[in-house]
Amino acid sequence: MGKLVHYGFDLLLVSIILAAVHKNTGLQFDTSHFSSVDFRRWFGKYLAIGEKGYETTVSILRMSGYFKQRNLIVDYARTESAKFLKDQTGIDLDEIKKRT
C-alpha cells in the first residue's frame, strides 16, 4: 500500500511539473503520438489533474505570506532609472529617499 501511494504521489508531481512548464513556457505535451484514443483521453485527464494541482499550489503559496510576486519589468525600470539618475546628477536614489 505504501509503494502505491508513493508512486501515485510521484505521478502527481510529474504532472504538476508538466503543468508548470506549460504555464511558464507555453510548451504543451503532444498527445497525438499516442495511437489509442482512450490513452490520449486518459493522458489528457492526467495533465488536467497536474494543471489543477499547479494552480492550487500557487494559490496556497500566494496566501501563505512567505512569497511575494516580483514584476521583472518594473524592477528593471526601477534599476535603470536609478542608474540614469546617478549618472545625470551624481546622487544615489537612496540618498534622495533619505532626504525626504
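1. In which helix do Phe-39 and Phe-43 both lie, and how many residues apart are they? Both belong to helix H2 (residues 37-64), and a spacing of four residues, about one turn of the helix, separates them. Helices here are DSSP runs (H or I, at least four residues) numbered from the N terminus, as are strands (E, at least two).

2. On the basis of this note: the model is predicted, so that local features need pLDDT of at least 70 and side-chain atom pairs count only at pLDDT 80 or more, while totals for chains, interfaces and linings use all residues. Residues are numbered from 1 along each chain as its sequence is written, and side-chain values use heavy atoms, with hydrogens and water left out.

3. A pair of aromatic rings is described by the distance of the centres and the angle of the planes. Rings of Phe, Tyr and Trp (its six-membered ring) pair if their centres lie within 6.5 Å; planes under 30 degrees apart count as stacked, over 60 as edge-to-face and the rest as tilted. The whole structure contains nine aromatic pairs. One of them is stacked: Phe-39 with Phe-43, at 6.1 Å centre to centre and 25° between the planes.

4. Buried means under 20% relative accessible area, exposed over 50% and partly exposed in between (1.4 Å probe, protein chains only).

5. Phe-43 also pairs with Tyr-46; their ring centres are 5.5 Å apart and the planes stand at 45°, so this pair is tilted. Phe-43 and Tyr-46 are three residues apart in helix H2, about one helical turn, and both are buried. Ring pairs join Phe-43 and Tyr-46 with Phe-29, Phe-34, Phe-39 and Trp-42 in a cluster.

6. Glu-51, likewise in helix H2, counts as buried at 19% relative accessibility. Leaving aside residues up to four places away in sequence, Glu-51 touches Ala-19, His-22 and Lys-23; contact means heavy atoms within 4.5 Å.

7. Ile-49 is another residue of helix H2, and it is exposed, with a relative accessible area of 51%. Helix H1 (residues 2-25) supplies the largest share of the nonpolar patch, three residues.
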